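Me: I would like to learn how to read the features of a structure one at a time, with the general idea put before the particular case. Could we take the pairing of strands as the opening topic?

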There are 2 protein chains.
Amino acid sequence: MNYCSNCGSPQISWRVPPGDNRLRQVCGACGTVHYHNPKIIAGCLPMWEDKVLLCRRAIEPRQGLWNVPAGFLEIGESVEAGAIREVQEEAEAQVHQLRLHTIFTFTNFHHVYIQFLGELVDGQFGVGEETLESRLFSEEEIPWDEIAFASSVFALQRFFEDRKSGVPQVHVGSI
Amino acid sequence: MNYCSNCGSPQISWRVPPGDNRLRQVCGACGTVHYHNPKIIAGCLPMWEDKVLLCRRAIEPRQGLWNVPAGFLEIGESVEAGAIREVQEEAEAQVHQLRLHTIFTFTNFHHVYIQFLGELVDGQFGVGEETLESRLFSEEEIPWDEIAFASSVFALQRFFEDRKSGVPQVHVGSI
């Protein structure tokens with residue numbers, strides 16, 4: 001932030017506002033405190049028979065690596081609706097029967113992943129604009145060295161563990 | 001947003017950027033796309049014996065009403081750490097053994113509540129700066145008509161239901 005989005009002044013500095021205990025970007029001209037908060041990434045691991053659907057990323061970061069369909073939650077949608085939309089956009093697939101599966105915070109990147117499990121409605125999927133390739137993987141086929149983000153490794157590992165134990169759980173992690 | 005936070009220009013307008021499908025605030029001078037995303041509110045319902053701890057709000061919105069301790073997740077902290085901090089700040093209490101309990105989206109206010117259950121470490125609590133009063137409530141004592149937010153009603157109702165059924169669950173809701 002170089003300029004105040006309220007008044008246009010360049011007098012932006014980091015200060016602890018009165019009654020607060022953290023450094024915030026504050027405008028020296030109009031006094032507006034500019035808060036920055038972590039962003040939510042909503043996603044869903046689509047399941048079909050004994051396999052899960054991953055997408056190979058066509059965009060940075062981590063272009064070319066495999067990922068659980070996920071993306072920034074938009075204003076006005078629930079996390080569940082955001083997850084369903086992201087599967088549609090990235091994998092051109094419909095999921096239903098969603099169940100919350102993982103919450104994973106990247107504290108350094110200010111991202112919180114909220115990821116569901118969902119069943120593919122009809123087993124059909126495609127390749128969205130931000131995707132190079134979509135594919136169903138059995139556990140043995142998962143390309144563990146080519147998974148884009150720790151949040152996806154976390155979700156996949158917990159999914160296969162839960163399937164073995166027969167006890168579906170919701171898992172909270174962070175890095 | 002009245003001015004571009006990147007270049008200071010007042011030429012901010014709502015447009016659909018190339019490759020996007022939503023209206024965004026875009027700077028006509030430097031081209032920066034300003035994304036706005038939902039914010040995370042992390043909270044925890046503290047438990048002690050057969051009671052839960054609520055705080056009466058000293059600040060707007062909903063000043064004077066009772067709430068589950070919760071507040072905006074800060075940059076650099078996990079949702080669990082944020083929930084623990086909020087209990088400390090609002091109720092001057094320590095919680096441990098946290099377990100994820102509810103995710104509740106206010107689609108109109110762009111807030112996603114992520115709330116845990118946690119045990120008070122020693123049964124001690126106080127009154128934080130943003131709190132008028134803190135109190136332990138049994139189920140029969142909950143002031144249902146004076147609960148600040150739908151997210152807290154949701155969390156409290158699910159908590160007492162789960163306790164009756166003996167099956168702790170994670171609940172996803174939205175309004």
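Me: Which residue stands opposite His111(A) in strand 9 of chain A?

Reply: Strands of a sheet pair through backbone hydrogen bonds, either parallel or antiparallel. Here Phe106(A) stands opposite His111(A), and strand 8 (95-106) and strand 9 (111-120) of chain A run antiparallel and are joined by nine bridges. Strands are DSSP runs of E of at least two residues, helices are runs of H or I of at least four, and both are numbered from the N terminus; two strands pair if DSSP finds at least two bridges between them. Four residues lie between the strands of this hairpin, where His110(A) takes a positive phi near 65°.

Reply: Before going on, note that this is a predicted model, in which local features need pLDDT of at least 70 and side-chain atom pairs count only at pLDDT 80 or more, while totals for chains, interfaces and linings use all residues. Residues are numbered from 1 along each chain as its sequence is written, and chains are lettered from A and ligands numbered from 1 in the order in which they are written.

Me: How many bridges join strand 8 of chain A to strand 11 of chain A, and do they run parallel or antiparallel?

Reply: Four bridges join strand 8 to strand 11 of chain A, and these two strands run parallel; within strand 11, Val172(A) is the bridge partner of Ile103(A).

Me: Which residues in the largest nonpolar core touch the most other members?

Reply: In soluble globular proteins, nonpolar side chains tend to be buried together. A nonpolar core is a set of buried Ala, Val, Leu, Ile, Met, Phe, Trp, Tyr and Cys residues joined through C-beta atoms within 7 Å, and of the 76 residues in the largest one, Ile40(A) and Ile40(B) touch the most other members. Leaving aside neighbours within four places in sequence, Ile40(A) is in contact with residues of both chains, including Leu73(A), Val79(A), Ile40(B) and Val112(B), where contact requires backbone-placed C-beta atoms within 7 Å.

Me: What rotation superposes chain A on chain B?

Reply: Two copies of a chain are related by a rotation about an axis and a shift along it. Chain A is superposed on chain B by a rotation of 180° with 0.0 Å of shift along its axis (RMSD 0.0 Å), the superposition being by least squares on the C-alpha atoms of residues with pLDDT of at least 70 in both. That is the relation of a two-fold axis, and 100% of the contact residues of chain A recur in chain B.

Me: How many residues does the contact take from each chain?

Reply: The contact takes 34 residues from chain A and 34 residues from chain B. Strand 8 of chain A gives the most to the side of chain A that touches chain B, with three residues.

Terms used:
Two residues are in contact if their C-beta atoms, placed from the backbone, lie within 7 Å. A residue is buried if 20 or more other C-beta atoms lie within 10 Å of its own, exposed if 12 or fewer, and partly exposed in between; C-beta atoms are placed from the backbone.
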